[in-house]
Amino acid sequence: MIKEIIVVEGKDDTTAIKRAVEAETIETGGSAINKEIIKRIKLAQQRRGVIVFTDPDHAGERIRKIISAQVPGCKHAFLTQEEATSKGDIGVENASPETIRKALANLRTDYVAAESDIAMEDLIAAGLIVHPQAAARRLVMGKLLGIGYCNGKQFFNRCRMFRISKEEFAAAWQQLEHKEG
């Protein structure tokens with residue numbers, strides 16, 4: 001049984017989560033997240049803690065940002081797009097129970113006023129921004145760090161939000177270089 005309440009986008013996501021683990025969910029009803037849902041998530045965070053587990057797409061990221069801004073200290077589970085895609089459809093509901101359990105085992109927690117050792121120069125040096133293969137490199141690094149795929153600015157923000165250390169970053173970068181080499 002997962003202690004925290006898992007926030008998902010819809011009923012199909014709840015079904016997929018319950019196939020993988022014993023847990024309770026709050027469904028946002030898609031990207032139109034309203035004040036009532038935010039109130040429920042805040043209460044869940046106060047009482048049991050919250051894990052945000054949204055689709056690895058634009059709408060899922062939008063929901064994740066809204067929740068993070070209004071409900072501090074949430075934990076986050078991430079899937080890659082390939083793990084969550086079936087027949088051209090991207091969503092948590094398409095992930096295997098094993099993949100969902102793996103994502104829930106590798107949670108990241110956001111921190112209010114988070115500080116990180118990572119600087120924008122580190123992202124440039126690693127070829128994660130201002131590089132012809134930056135998007136592909138961010139995809140691999142996001143997977144290695146467990147923070148998901150995003151654009152350069154959001155990648156930098158996630159490194160700070162999840163307090164990615166220089167050591168974690170360097171280890172992931174070495175793995176990336178090894179895969180490319």
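Reply: Happy to! One term before we start: a residue is called buried when its relative accessible area is under 20%. Also keep in mind that this is a predicted model.

Me: What radius of gyration does the protein have, and what would a compact globule have?

Reply: The protein has 16 Å, and a compact globule of 181 residues would have a value near 16 Å, so the two agree. Along the principal axes, the C-alpha trace spans about 45 × 40 × 30 Å.

Me: New topic: how many aromatic pairs turn up?

Reply: A search of the whole structure gives 1 aromatic pair. The partners are phenylalanine 78 and phenylalanine 162, arranged edge-to-face, with 5.9 Å centre to centre and 85 degrees between the planes.

Me: Where do phenylalanine 78 and phenylalanine 162 lie?

Reply: Phenylalanine 78 is in the loop between strands S4 (75-76) and S5 (85-86), while phenylalanine 162 is in the loop between helices H7 (152-161) and H8 (166-180), so the pair ties together parts 84 residues apart in sequence.

Me: Are those two buried or exposed?

Reply: Phenylalanine 78 counts as buried because its relative accessibility is 12%. Phenylalanine 162 is buried too, at 4%.

Me: Last one: how many positive and negative side chains are there?

Reply: There are 27 positive and 25 negative ones, and the centres of the two sets lie 4 Å apart.

Conventions: Residues are numbered from 1 along each chain as its sequence is written. This is a predicted model: local features need pLDDT of at least 70, side-chain atom pairs count only at pLDDT 80 or more; totals for chains, interfaces and linings use all residues. Side-chain values use heavy atoms; hydrogens and water are left out. The radius of gyration is taken over C-alpha atoms; the globule rule is 2.2 Å times the number of residues to the power 0.38. Lys and Arg count as positive and Asp and Glu as negative; His and the chain ends are not counted. The place of a charge is taken as NZ of Lys, CZ of Arg, CG of Asp or CD of Glu. Rings of Phe, Tyr and Trp (its six-membered ring) pair if their centres lie within 6.5 Å; planes under 30 degrees apart count as stacked, over 60 as edge-to-face and the rest as tilted. Helices (H or I, at least four residues) and strands (E, at least two) are DSSP runs, numbered from the N terminus. Buried means under 20% relative accessible area, exposed over 50%, partly exposed in between (1.4 Å probe, protein chains only).
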